[in-house]
Amino acid sequence: MIAVLYFYCEIALAADMRDAAYVEQDAARQQTVTTELAQNMWHWAETRFHEQKSSQAMQNILAAEGFKVEVGVAGMPTAFVASYSSSNSNSEGPVIAILAEMDALPGLSQKAVAYKQAIDGKEAGHACGHHLFGAGSLAAAITVKNWLKQNKVNGQIRLYGTPAEEGGSGKVYMVREGLFNDVDSVLHWHPGDQNTTQPMTTLANKTAKFRFHGIASHAAAAPELGRSALDAVEAMNYMVNMMREHVPSDTRIHYVITHGGGAPNVVPEFAEVYYYMRTPSAADLPALWARLEKTAQAAALGTETTVDWEIMSGVWSTLPNATLAKVTHEAMLAFGGIEYSLQEQEFAAQLRTTLNKRALSQIGNEQKIMPFTDDIYHATASTDVGDISWNVPTTGFVTATWVPGTAPHSWQAVAAGGMSIGYKGMHLASKTLALSAIRLFEQPQLIQEAKTEWRKHVGNVQYQSQIGNRTPAL
């Protein structure tokens, strides 16, 4: 009996090695195209809902590779779903989805150098690495397509081009339209400063722009005739800052004043403040959000102004799936960590001088695959992947596209993401995604195990979008 088990283990190991070798070879074939795509997206640095060039470039490559591309889905011009089916019998096989983000962040223009220097005439930058996310995921989908075709395996691979992750909740609209209803498993990744597949959850998030309307007047000659919309914004902010003492400690509230008036000698008749509120559970957000709205109403009442607000985005926390996470961990181990060239080591050393002391303890982390445990990592960021995860078993991972110790949404992330350090992390992610998907196609029992785990964790929770019936905030 032991001999038989050993024999089958040897067969499985040989198959895993063969698949990894196939992925490595196909990824190498695509590397030039993938890197060029990532470079272009980095230079374009298109912000949420404006990713026209990035989306079109991805669509062109996928169409040329034989994917059926549906464009402008869920009311978003830059969103798309690219699919390839390989069906050789009455059984269509599983549907595996890979996510591809593409939007940049405003106000983070940066050259691909190890010191802070913006690009003239450029306002935005890929400080969250979504150019790498999109290009790497695209390459993975193509590799899986080629594997399905060559091996005549039944199944469908899909790449979801998802715009506006940064404050636009693009994926939420796609979920609301039912675009994931027939998907069996979802895989995604994210740029970062280490290589880890640890099961992770995120914070639920809701955002809105609060707009106050007052009465303009000369601030010196007739101030008594004016009613300041800016006063109302400041009154709201003051009340919210006092409210922080009386919310759960893991709640996050942040804001920026997006419009505060035009000139000091004119009482502002219009002012706007943009709020984010985050908490670990989407179920806790409504009550907290109602309190935020009351501060706006109170501010308007006290300043004799009026207020209205527009919900800009809203996402659920991410529901982790350990079954799928283990699949990605084993896949990443097959390829190992990242080795810097001498030039990359010099870049990293120079960049590290601009980071905090924590970065010194992380030197060499790009070479490691972090150990896997069933412990859930609680991230304090938010993502619209969360809404997908409450509807389909989903897992994601991180690869070291940035110098270890780099924070997301920083100029250092933009810099590393625009040169070879970023591309190396992207290629590792692409191979990990591809091999993970292949293993799910080869071992459909893993898909069923992931679904069983997912149903257990969802329990009686009824998913409902936090954005209501609003259309995308284009």
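**Entry 1**

I started with β9 and β11, which run antiparallel and are joined by 10 bridges. Strands here are DSSP runs of E with at least two residues, helices are runs of H or I with at least four, and both are numbered from the N terminus. I count two strands as paired if DSSP finds at least two bridges between them.

A note on what I am reading: this is a predicted model, in which local features need pLDDT of at least 70 and side-chain atom pairs count only at pLDDT 80 or more, while totals for chains, interfaces and linings use all residues. Residues are numbered from 1 along each chain as its sequence is written, and side-chain values use heavy atoms, with hydrogens and water left out.

Next I traced the sheet: it is open, has four strands in the order β10-β11-β9-β12, and its pairing is antiparallel. At the edges stand β10 (252-259) and β12, each with a single partner strand, so one side of each has no neighbour in the sheet. The twist averages 20° from one strand to the next; axes are lines fitted to C-alpha atoms, for helices over the stretch in contact, and angles run from 0 to 180 degrees between N-to-C directions.

I then looked up the other pairings. Strand β9 (residues 204-213) pairs with β12 over nine bridges, in the antiparallel sense, and there H213 has T306 as its bridge partner. Seven bridges join β10 to β11, with I257 opposite V273.

**Entry 2: what covers the sheet**

Helix α5 (residues 229-243) packs on the sheet and touches β9, β10 and β11 (270-279), its direction making about 20° with that of β11. Contact here means heavy atoms within 4.5 Å. Helix α6 (residues 285-303) lies across β9, β11 and β12 and runs at about 10° to β9.

How many of the 10 residues of β11 are buried? Nine are, so β11 is largely enclosed by the rest of the structure. Buried means under 20% relative accessible area, exposed over 50%, and partly exposed in between (1.4 Å probe, protein chains only).

**Entry 3: rings**

I searched the whole structure and found 10 aromatic pairs. One of them is Y274 with Y276, edge-to-face at 5.6 Å centre to centre and 65° between the planes. The rule: rings of Phe, Tyr and Trp (its six-membered ring) pair if their centres lie within 6.5 Å, and planes under 30 degrees apart count as stacked, over 60 as edge-to-face and the rest as tilted. Both Y274 and Y276 are buried.

W316 and Y463 form a tilted pair, 5.1 Å centre to centre with 45° between the planes. W316 sits in the loop between β12 (306-315) and α7 (322-335) and Y463 in the segment after α12 (444-458), so the pair ties together parts that are 147 residues apart in sequence. W316 is buried at 9% relative accessible area, whereas Y463 is partly exposed at 24%.

I went back to K209, which stands opposite Y274 in β11. K209 also lies over the face of the Y274 ring, at 5.2 Å from its centre (NZ of Lys or CZ of Arg within 6 Å of the ring centre and within 35 degrees of the ring normal). I also noted one aromatic cluster, formed by F210, Y255, Y275, W289 and W309.

**Entry 4: β14**

Last, I checked strand β14 (residues 394-400), where seven of seven residues are buried. T394, G396, V398 and A400 point one way, and T395, F397 and T399 the other. Strand β7 (residues 185-192) pairs with β14 in the parallel sense over seven bridges, with W189 and F397 as bridge partners.
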